[in-house]
Amino acid sequence: MTQQRSVIDTYLLRVLHTLLAECSVKRTAVKLDQSQPAISVALRKLRELTDDPLLVRGKGRLIPTEYALRLIEPTRIALREIERIRVQQRDFDPATSVRCFRIGCPDYVNVLFMPTIIERFRKAAPRATLEFQSLGPSFDYEQALEEGTLDVVIGNWPEPPEQLHLSNLFVDQVVCLVSNTHRHAKSGYLTLEQYLSASHVAPPADSVGQRGTIDIRLSRERMKRHVVVTLPYFTLVPYALIQSDLIFTTTRIFADHFAKAMPLAVLPAPLDFPPMRYYQLWHERCHYSDDVRWLRNLVSDTVSMLIKPPAQPRDTRECVPPAHARVHETALKPSAAR
C-alpha cells in the first residue's frame, strides 16, 4: 500500500465512526450535515484504504464486516484524542472557540433553563456548538463523562457518584401538581391519607440504578404511592394532568412554571420530603480544562440568574448534603480528585 493510500484524515475517521454506528449512508449524511453522495465517496475511499468492504448488504440494511467491528473502538478512541488535542487552548476565548460543548440533563431541566443557556452561549461563543443529551434509564452518563462524549451532567440524584466532581446549583422544595378541577384543588391541601390513596403519574428514572427522592422517602416510612400512569418525559406530565384525577409530585419551580400557563394547581406536599438538590457533575479528565470550566460557570450563572433563593426547610438537618457534595467547584484542588 502506498503512503498516499495509507493516510486517513480526521474527516474520514469521523465518517467511518458514524457509518459504523448508524449502518446507513443516509443517516450518516444527516448526522454529519453532509450530502449522501459525499458520504458515499468517503466510504469508497475508506474501503480502498482498509482493503475491506466495511459495510455489506444485510436483510434490508447494511451490516458491518468482522474487520469493521474491530475498528469501532480504536476509531472512537482516536476521535476522542484528536478532539482533546484540537480544543486544548492555554488562553481559552469563547468568542473564537469552535469547540462542540455537550451537556447531559433531564428534560425538565431543559424546559426551565435551556432557552436562557442557549441565548447566553450563542452571545458568548458564536462559533462554537452546543449539544444537549437527554438522560434516561438506558443512558450511562457516567461512562459518557469518562469517555468525553459529555462535558457536564446536570442532575438531582440522592446519591451522585462519588468519583465525579460536583458543584451545587440550587435547592428546591417538593410540591404536588394537579388539575385545577381536581377534587383536592379547591381545598388547597392534601392529607397524607388522601395522597396515598390517590392515583399518581410519574416519569421513569433518569439514570440506571437510581431511585427518586420521593420513593426513597416513602419507603423509609414504609409507605407507597399508587402510580397508575408512567410517561417517558417530564414535559408530558402537565398535559396529562389537565383532564385527569392524577397527582404529580415534583419541584416547586417546575410546578409553578406550568401552573402559570396551564389550568393546574400547586398543592403543598403532605409529607416532609427532603429538598431536591440540583448540581453539575463532571469527570476528572476535564476538571482543569478552561473551556469546560467556562461551560460550567455559564450554566451556574444562568441558573442563579433565573431562580430565587429557596426558602429554608423546616428541618435544617435534612439540608446537610453528603461530604463529597459539600465541595463547591471553587474549592476543589488536585488532591480532591477521587
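Student: Is Cys23 buried or exposed?
Tutor: The model is predicted. Cys23 sits in the loop between helix H1 (10-22) and helix H2 (25-31). The cut-off for a buried residue is under 20% relative accessible area. Cys23 has 16%, so Cys23 is buried.

Student: What is the phi of Cys23?
Tutor: Cys23 is not a glycine. Even so, its phi is positive. The value is about 55°.

Student: What is the relative accessible area of Cys286?
Tutor: Take another cysteine, Cys286. Cys286 is buried, so its value must fall under the 20% cut-off. The relative accessible area of Cys286 is 5%.

Student: How many disulfides does the model have?
Tutor: A disulfide is a covalent bond between the sulfur atoms of two cysteines. To count here, two cysteine sulfur atoms must lie within 2.5 Å. The count of disulfides comes to 0.

Student: How many helices and strands are there?
Tutor: Start with the whole chain. The protein has 338 residues, and 45% of them are buried. Its secondary structure comes to 11 helices and 12 strands.

Student: Among contacts between residues at least 6 apart in sequence, what share join residues at least 24 apart?
Tutor: Begin with the contacts between residues at least 6 apart in sequence. Then keep the ones that join residues at least 24 apart. Their share is 76%.

Student: How many residues are in the largest nonpolar core?
Tutor: In soluble globular proteins, nonpolar side chains tend to be buried together. Phe113, Tyr195, Leu241, Phe248, Phe273 and Trp294 have the most contacts inside the largest core. Apart from it lies another core of 18 residues, among them Leu16, Ile39, Ala42 and Leu71. The largest core has 56 residues.

Student: Beyond its sequence neighbours up to four places away, which residues does Phe113 touch?
Tutor: Phe113 is among the residues with the most contacts inside the largest core. Leave out residues up to four places away in sequence. Phe113 then touches Phe170, Val303, Leu306 and Ile307.

Student: At what angle do the axes of H5 and H10 cross?
Tutor: Two packed helices are described by the angle between their axes and the distance between the axes. The axes of helix H5 (residues 107-124) and helix H10 (residues 252-259) come within 11 Å. The crossing is left-handed. Its angle is roughly 65°.

Student: How many charged residues are in the contact of H5 with H10?
Tutor: From H5 come Tyr108, Val111 and Leu112. They meet Ile253, Phe254, His257 and Phe258 in H10. The contact divides into 6 nonpolar residues and 1 polar. The number that are charged is none.

Student: Which elements do the buried residues of H8 pack against?
Tutor: Helix H8 spans residues 213-220. Its buried residues are Thr213, Ile214, Ile216, Arg217 and Leu218. They pack against strand S7 (174-179), helix H7 (192-197), strand S10 (248-251) and strand S12 (276-282).

Student: Is Arg222 buried or exposed?
Tutor: Arg222 follows H8, with a positive phi near 60°. Arg222 lies in the loop between H8 and strand S9 (226-230). Exposed residues have over 50% relative accessible area. Arg222 reaches 83%, so Arg222 is exposed.

Student: Leaving aside its neighbours within four places in sequence, which residues are in contact with Trp294?
Tutor: Trp294 is in helix H11. At 16% relative accessibility, Trp294 counts as buried. Its contacts beyond four places in sequence are Phe92, Pro94, Phe101, Phe121, Ala124 and Ala125.

Student: How many Å apart in space are Trp294 and Asp93?
Tutor: In sequence, Trp294 and Asp93 are 201 residues apart. In space, take the C-alpha to C-alpha distance. That distance is 9.4 Å.

Student: How many Å apart in space are Ser289 and Phe92?
Tutor: Ser289 is in the loop between S12 and H11. Ser289 is buried, at 12% relative accessible area. In sequence, Ser289 and Phe92 are 197 residues apart. C-alpha to C-alpha, they are 9.1 Å apart.

Student: Which residues does Thr302 touch, not counting those up to four places away in sequence?
Tutor: Thr302 lies in helix H11 (residues 290-306). Thr302 has a relative accessible area of 0%, so it is buried. The residues Thr302 touches are Thr116, Ile117 and Arg120.

Note on methods: Residues are numbered from 1 along each chain as its sequence is written. This is a predicted model: local features need pLDDT of at least 70, side-chain atom pairs count only at pLDDT 80 or more; totals for chains, interfaces and linings use all residues. Side-chain values use heavy atoms; hydrogens and water are left out. Axes are lines fitted to C-alpha atoms, for helices over the stretch in contact, and angles run from 0 to 180 degrees between N-to-C directions. Helices (H or I, at least four residues) and strands (E, at least two) are DSSP runs, numbered from the N terminus. A crossing is left-handed if the near helix is turned anticlockwise from the far one by less than a right angle, and right-handed if clockwise. Contact means heavy atoms within 4.5 Å. Ala, Val, Leu, Ile, Met, Phe, Trp, Tyr, Cys and Pro count as nonpolar, Asp, Glu, Lys and Arg as charged, and the others, Gly among them, as polar. A nonpolar core is a set of buried Ala, Val, Leu, Ile, Met, Phe, Trp, Tyr and Cys residues joined through side-chain atoms within 4.5 Å. Buried means under 20% relative accessible area, exposed over 50%, partly exposed in between (1.4 Å probe, protein chains only).
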